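Please look through the sequence and the 3D structure below. A short report follows.

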Amino acid sequence: MNGLLVETVTPGSISDEMGVEPGDRLLAVNNHPLRDIIDYSYHTAVADELLLEVAKPDGEVWELEIEREPGEPLGLTFPAPEPARCRNNCVFCFVHQLPRGLRKPLYVKDEDYRLSFLNGNYVTLANLKAPELARIIDQRLSPLYISVHATNPALRERLLGRPGIPPILDQLRELAAARISMHTQVVLCPGLNDGLELERTVDDLAGLYPAVQSLAVVPLGLTRHRGRLPQLTPVDTDYARAFVTTWGPRAKAVKKRLGEPFLFLADEFYLKGGVPFPPLREYGDLPQIENGVGMVPLFQRDAAQVLRTARPVGDLRVTVVTGVSAVGFVGVFLAGLEERTGARIVPLAVKNRLFGESVTVSGLVAGNDIMAALEGVEIGAGLLVPDVMLKEGEGLFLDDVSLEELQGRLGRPVLTFDGTPRGCYRALRQMARLGAGNSVPASP
């Protein structure tokens with residue numbers, strides 16, 4: 001049956017009072033059939049007098065007339081839409097480089113403009129059909145997050161591993177003409193879409209500002225599980241240093257021309273190249289932070305704020321897990337936190353055995369790799385783990401090791417924190433309370 005399956009109904013809400021229950025299906029709003037939660041949000045946002053068509057599990061269909069206060073929620077939630085699958089065969093695709101034996105969802109490649117709008121997922125628009133483009137414009141699904149990689153059509157087809165895709169600039173111009181805002185990215189592959197090709201891409205996208213609001217350049221990620229995949233050149237220390245030296249000033253020049261920050265280099269270039277970061281103000285309102293752009297400068301600013309207010313926690317030794325690329329700036333913060341709190345705080349940079357040691361980000365650290373790194377290490381009162389290493393809501397690492405399993409194998413408490421300096425400090429205070437026999441969570 002079409003429509004949206006009702007997942008939850010808020011007690012006391014309008015829908016609850018009208019008899020809507022989990023398991024019902026919402027078929028239409030004001031005679032508009034619902035394809036997904038975007039339709040629901042769109043059609044319930046434009047009117048306060050609503051006609052809902054609801055199908056009960058036994059097949060009975062109700063029509064509910066609702067009058068509500070402006071903006072009053074209906075109290076319904078629905079499952080996330082099943083994503084459209086990606087049909088590209090990108091030469092740098094990370095999913096193609098995963099080892100066997102991981103959770104099945106990790107092998108799913110999505111390419112869905114709806115998830116770009118709803119969640120900020122990057123899409124290439126290579127499978128976007130005319131009716132979908134028309135819907136984006138009609139319902140003003142903005143902003144969108146778009147993987148461009150190159151504006152040269154032939155090169156883009158090579159990078160995406162798929163001939164006959166729509167020219168990206170034509171799509172972007174049509175969206176820009178409809179005043180759809182876009183954030184874009186280039187996954188940089190040395191020798192393919194850098195150099196003159198990157199100059200062309202940057203110029204083309206900057207020419208569409210302000211509809212194209214930002215462009216992030218991020219390095220490709222290569223694991224040790226490439227098998228028969230195309231040979232690609234990694235971004236090493238020398239390349240990263242030279243890239244920042246060249247493109248840092250160009251990003252400033254683009255900012256001067258447009259009047260706002262537009263071109264951003266991923267933090268990984270600065271970390272790998274050992275190059276100082278730009279001031280946080282150069283990142284604007286951090287439009288690409290979820291893409292690994294500006295996270296380190298933001299962390300450093302927040303760390304300074306935490307260190308100004310941190311207080312002693314008593315005699316305590318803890319170990320803090322981090323990825324290899326983060327241990328430098330995280331270690332500086334932890335040293336300052338030691339001085340302020342009196343605790344002994346040891347950073348542990350975990351080498352990635354699951355994907356290969358060239359993968360250094362914290363978010364791809366596996367549970368068994370943590371165990372291997374802890375062999376022979378005195379962890380102290382317990383272990384602090386940033387939650388970016390875990391599947392949200394499930395407490396599982398990428399290799400399906402659970403927090404409970406890790407804690408059982410260590411024989412010490414394992415606490416997670418939100419990956420910020422403030423989150424780390426809170427977890428440290430909570431560990432101190434556990435050590436004192438008090439399991440009450442630390443206050444904010």
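In which helix does L298 lie? L298 belongs to helix α10, residues 295–309. The model is predicted, with local features needing pLDDT of at least 70 and side-chain atom pairs pLDDT 80 or more, while totals for chains, interfaces and linings use all residues. Numbering runs from 1 along each chain as its sequence is written, and side-chain values use heavy atoms, with hydrogens and water left out.

Helices (H or I, at least four residues) and strands (E, at least two) are DSSP runs, numbered from the N terminus. Contact means heavy atoms within 4.5 Å. Not counting residues up to four places away in sequence, L298 touches L280, L286 and I289. P279 is 19 residues from L298 in sequence, and their C-alpha atoms are 9.4 Å apart.

**The sheet and its helices**

Four strands form an open sheet with parallel pairing, in the order β13-β12-β14-β15. Strands pair if DSSP finds at least two bridges between them. The edges are β13 (344–350) and β15 (414–417), each pairing on one side only. Neighbouring strands are turned by 30° against each other on average, direction ignored. Axes here are lines fitted to C-alpha atoms, for helices over the stretch in contact, and angles run from 0 to 180 degrees between N-to-C directions.

Strand β12 (residues 317–323) runs parallel to β14 (residues 382–386), and three bridges join them. T319 stands opposite L383 in β14. Helix α11 (residues 327–341) packs on the sheet and touches β12 and β13. The direction of α11 makes about 170° with that of β13. Helix α14 (residues 421–435) lies across β12, β13, β14 and β15, at about 155° to β15.

Helix α12 (residues 367–374) has five names on its buried list: G367, D369, I370, M371 and L374. Buried means under 20% relative accessible area, exposed over 50%, and partly exposed in between (1.4 Å probe, protein chains only). These buried residues pack against β12, β13, β14 and α13 (403–410). G376 follows α12 and has a positive phi, near 80°.

**Cores**

A nonpolar core is a set of buried Ala, Val, Leu, Ile, Met, Phe, Trp, Tyr and Cys residues joined through side-chain atoms within 4.5 Å. The largest has 91 residues, of which F92, I146, L159, L175 and F269 touch the most other members. Beyond its neighbours within four places in sequence, L159 contacts N89, C90, V91, F92, H149, A150, C189, L192 and N193. Another core lies apart, with 18 residues, among them L348, V365, I379 and V385.

**Cysteines**

The structure holds zero disulfides (pairs of cysteine sulfur atoms within 2.5 Å).

| Cysteine | Nearest cysteine sulfur | Relative accessible area |
|---|---|---|
| C86 | C90, 5.8 Å | 18% |
| C93 | C90, 6.1 Å | 12% |

C86 is buried, and C93 counts as buried too.

**A buried loop residue**

Where does N127 lie? N127 sits in the loop between α3 (113–119) and α4 (130–138). N127 is buried, at 13% relative accessible area. Its side chain reaches the backbone oxygen of E111 at 3.3 Å. Setting aside neighbours within four places in sequence, N127 is in contact with R85, R87, E111, E132 and R162.

Notes
Polar contact = N/O pair within 3.5 Å; in protein donor to acceptor, adjacent residues only side chain to side chain.
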